[in-house]
Amino acid sequence: MMSAVEFVDYFPSMIARLGEEGFIGELCNGFVLLMDVEKGLITFESLKRNCVVLGLHDMGDDELVWMLMEGDLDGDGALSQMEFCILMFRLSPGLMDGSKQLWKENFDHPPHHVNDHQVHVGGFQ
């Protein structure tokens with residue numbers, strides 16, 4: 001029987017408290033904490049070694065492999081810093097909801113009608 005890991009999404013409150021740059025800095029610090037120093041990547045071995053730091057000492061090898069596979073975009077079996085950050089954003093419901101709202105506010109609207117095939121941008125035709 002697999003044990004469930006309870007995830008509490010603190011990212012939105014961290015961004016509110018730290019600001020965007022501070023939050024990204026903390027994500028980078030988390031990556032450095034988990035990475036294999038020699039490879040500069042989060043590997044299965046480095047993740048397994050650091051599970052205690054994460055409070056995930058009960059996680060099995062299959063769950064760790066799943067975590068790596070979930071974020072591994074280039075298929076090398078490890079997480080780069082960019083893959084780690086993307087995974088963290090994807091796993092945060094609060095950040096994903098905020099991103100969806102931002103998208104709707106800025107991009108999810110009908111196109112402006114253009115008459116006579118003329119486009120006016122910043123006063124220029």
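Here is a short chat about salt bridges and the nonpolar core in a predicted model.

Biologist: Hi! How many salt bridges does a search of the whole structure find?

Modeller: Two, going by this predicted model.

Biologist: Nice. Which residue meets Lys48 in a salt bridge?

Modeller: That's Asp61, with N to O at 2.4 Å. Asp61 lies in helix H4 (residues 61-71) and Lys48 in helix H2 (residues 44-49), so their pairing ties together parts that are 13 residues apart in sequence.

Biologist: OK, what about Arg90, which residue does it form a salt bridge with?

Modeller: Glu70, and their closest N and O atoms are 2.7 Å apart. Since Arg90 lies in helix H5 (residues 81-90) and Glu70 in helix H4, this pair ties together parts that are 20 residues apart in sequence.

Biologist: How accessible is Glu70?

Modeller: Glu70 has 27% relative accessibility, which counts as partly exposed. Arg90 is also partly exposed, at 39%.

Biologist: Changing topic: how many residues are in the largest nonpolar core?

Modeller: There are 18. Leu27, Ile42 and Phe84 have the most contacts inside that core.

Biologist: Which helices each supply at least two residues of this core?

Modeller: H1 (11-34), H4 and H5 do.

Biologist: And which gives the most?

Modeller: H1, with five residues in the core.

Terms used
Residues are numbered from 1 along each chain as its sequence is written. This is a predicted model: local features need pLDDT of at least 70, side-chain atom pairs count only at pLDDT 80 or more; totals for chains, interfaces and linings use all residues. Side-chain values use heavy atoms; hydrogens and water are left out. A salt bridge is a side-chain nitrogen of Lys or Arg within 4 Å of a carboxyl oxygen of Asp or Glu. Helices (H or I, at least four residues) and strands (E, at least two) are DSSP runs, numbered from the N terminus. Buried means under 20% relative accessible area, exposed over 50%, partly exposed in between (1.4 Å probe, protein chains only). A nonpolar core is a set of buried Ala, Val, Leu, Ile, Met, Phe, Trp, Tyr and Cys residues joined through side-chain atoms within 4.5 Å.
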